[in-house]
Amino acid sequence: MPLPVRTRVATGAGLAVAALSRRVGAGEGSVIGGRVLLAVDPGALARLAAGRSIALVSGTNGKTTTTRMLASALETREPVVTNSAGANLMTGLVTTLARGAEEPAVLEVDEGLLPKAIVGLHPSVVLLLNLSRDQLDRIGEVRTHAQRWRAALEAAPATAVVANADDPLVAWAAGLARQVTWVGTGQRWRLDAYSCPNCGERIDWADDGAWTCTNCTLARPTAHLSLEDGEVVLSDGRRLTLSLQLPGWPNKANAVMAAAAAEVLGVDPVAALDAVGAVSHVAGRYQVLSVDGMSIRLLLAKNPAGWAEALDLIRPAPMPVVVGINARIPDGRDPSWLWDVPFERLRGRLVVCTGDRGRDLAVRLRYAEVDHRFVDGYLAAVRAARAPDVDLAANYTSFQDARRELARG
Amino acid sequence: MADSTVTIALLYPELLGTYGDGGNATVLAERLRWRGIGAQVVAFGAGEVVPTSCELYLMGGGEDGPQALAARELSESRALHAAVDNGAVVFGTCAGIQVLGQEFANADGSPHPGLALLDVRTVRGPGTRAIGELLSEPLVDGLPVLTGYENHGAVTHLGSDVRPLGRVVHGVGNGGGDGTEGAVSGRIVATYMHGPALARNPALADLLLSWVVGSTLAPLDDTEVDELRAERLRAVKRRRWRLPR
């Protein structure tokens, strides 16, 4: 179905502004382009989405990487459009859709926006990765998200859901969806799910990760697809080796979620996993930069669950580490969460604290009895680490600042 | 000297620890250890028996459902009531102040009975949450300005048997229109400064510890905390005068 004139004009204007914004170096341009597009045609989103296969990826952690993985898996069959730069609000979604007329879209969506995106885009598939505490000042309590997801999915019977069975908040959120593919990811984070999202009573956790509410019927759903000892076990019992460019358990979980969604969309899981395995650094994550002959590896961690995983990926002591912390709006203005991160695991090495809120981190590390110093500025912080190889871990806007400042050298 | 080890009970960290509140236990324990006093932190989760013999009890912030579950368990066991009768020190933040009070509001606004250890009543607020830096002039002798971060939707009214912890300089605090922040009664101290309130306010941590130990404590080198406090006070001032960052 051809798009109405108004939408075509809006799309042209939005993309032109986005391109201009890119050319003047103001960023990807999705946000400003999307604003223009929606101003010219407020109904553009629904029109651009109509008749198209759309996959939405949401959750607290892993959205950008999983979106890239799923896009790669689908690209083995046909070209797709995707918001690979992480522009996951309405403006970013509409600009991404405008980049193609009928290609399938793989869209990362902010957790808070997901219900609205489900209503507006009628997605074929929604991937629900995980839900944990993040940006409490802006997003609020994580249960509120689960509640809104649940209601939106109940009202979208044509949408297939791929959901993490090991996250009680996600399992509950997907509980009223018509068609769910449950994925066993082996998630270890439990701090946000000790009390049942359904009834408030205590959840019982078995050693193998199975969980059951002690009061109501909510329990871990049986997984159709799961990650076991580094292998992917398919619903037909086949075991596939998972070989990834990206490190760590979180990326294995992202990979199996992406493969499950690709299968729902008709891509053979073996081909999907091959494509997923070839994904290397995504938007700077795990990228290695060279500064004054030092090699600096960048890691992104945005919240306690993400940091718990990042601390596993940081190379062992005595290699020094630079940790950058900001508390701007996209990070959450309240860095209290620093006390939920087991920074004690960084003992035995120097940690250079930096970022707008590096002093909060310095106090946290003092109480964790970790050797540390505060250094303002990323270049200065990296130089203060005084080692040929350094891992730099930072939260969202601090990561962007570090990447920009170190690339400039 | 196993006998002299101070036991700090962290109550329901999985239910009442939304804002890094467990950090307060770390701060208290370390400040004892650095002075050569033994300290241990023991966490008690939902369904576990809370002992009455600890010296210090901590309760942090939580969401509505988990908060009600914690209140129900402690009402049934009355463990905290017995500990308070034994002279224990209690520090509650955010949901902590609500659970310690006479009653607080359920998610639907209906009242839920609290532990009645503090003469305060918490009701549902005006709709907008109080979120941001919170600064108060303490009403307890010997403390410097208190600095923290608040994030709550409820309003707490103080009864006649408690004193406020401080008077709000910046932020909302208890929110009942009287400009008060937190509540103090005997050895129970509660505040809306959530998360690591004691990391930013070491003098308050030492006040609680002095009650436990029974004497004033030797000073520690708090230079890094002083730098952080100075930075936070400047940030609040910038916001008050709308100055750029």
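Good morning. I begin with the surface of chain B, which comes to about 9600 Å² of accessible area, with 51% of that belonging to carbon and sulfur atoms. Please bear in mind throughout that this is a predicted model.

Let me stay with chain B. Its secondary structure consists of seven helices and 14 strands. For a chain of 245 residues, a compact globule would have a radius of gyration near 18 Å; the value for chain B is 17 Å, so the two agree. Along the principal axes, the C-alpha trace spans about 55 × 45 × 30 Å. Of the 245 residues in chain B, 56% are buried. Turning to contacts within chain B, and taking those between residues at least 6 apart in sequence, 68% join residues at least 24 apart.

I now move to chain A. Here there are 14 helices and 17 strands. The chain has 409 residues, for which a compact globule would have a radius of gyration near 22 Å; chain A has 21 Å, and this too agrees with the expectation. Its C-alpha atoms fill a box of roughly 60 × 55 × 40 Å, again taken along the principal axes. Buried residues account for 60% of chain A. Among its contacts with a separation of 6 or more, 66% are between residues 24 or more positions apart. Chain A exposes about 15600 Å², and carbon and sulfur atoms supply 50% of that area. The charges of chain A number 44 positive and 43 negative, with mean positions 6 Å apart.

Finally, the cysteines. How many disulfides does the structure hold over all chains? The number is zero. As a reminder, a disulfide is a covalent bond between the sulfur atoms of two cysteines.

Is Cys353(A) buried or exposed? Cys353(A) has a relative accessible area of 0% and is therefore buried. Cys199(A), by contrast, has a relative accessible area of 32%, so this residue is classed as partly exposed. Buried, in this context, means under 20%.

Thank you for your attention.

Key
Residues are numbered from 1 along each chain as its sequence is written. Chains are lettered from A and ligands numbered from 1 in the order in which they are written. This is a predicted model: local features need pLDDT of at least 70, side-chain atom pairs count only at pLDDT 80 or more; totals for chains, interfaces and linings use all residues. Side-chain values use heavy atoms; hydrogens and water are left out. A disulfide is a pair of cysteine sulfur atoms within 2.5 Å. Buried means under 20% relative accessible area, exposed over 50%, partly exposed in between (1.4 Å probe, protein chains only). Helices (H or I, at least four residues) and strands (E, at least two) are DSSP runs, numbered from the N terminus. The radius of gyration is taken over C-alpha atoms; the globule rule is 2.2 Å times the number of residues to the power 0.38. Contact means heavy atoms within 4.5 Å. Accessible areas come from the Shrake-Rupley method with a 1.4 Å probe; for residues, only the protein chains shown count as cover. Lys and Arg count as positive and Asp and Glu as negative; His and the chain ends are not counted. The place of a charge is taken as NZ of Lys, CZ of Arg, CG of Asp or CD of Glu.
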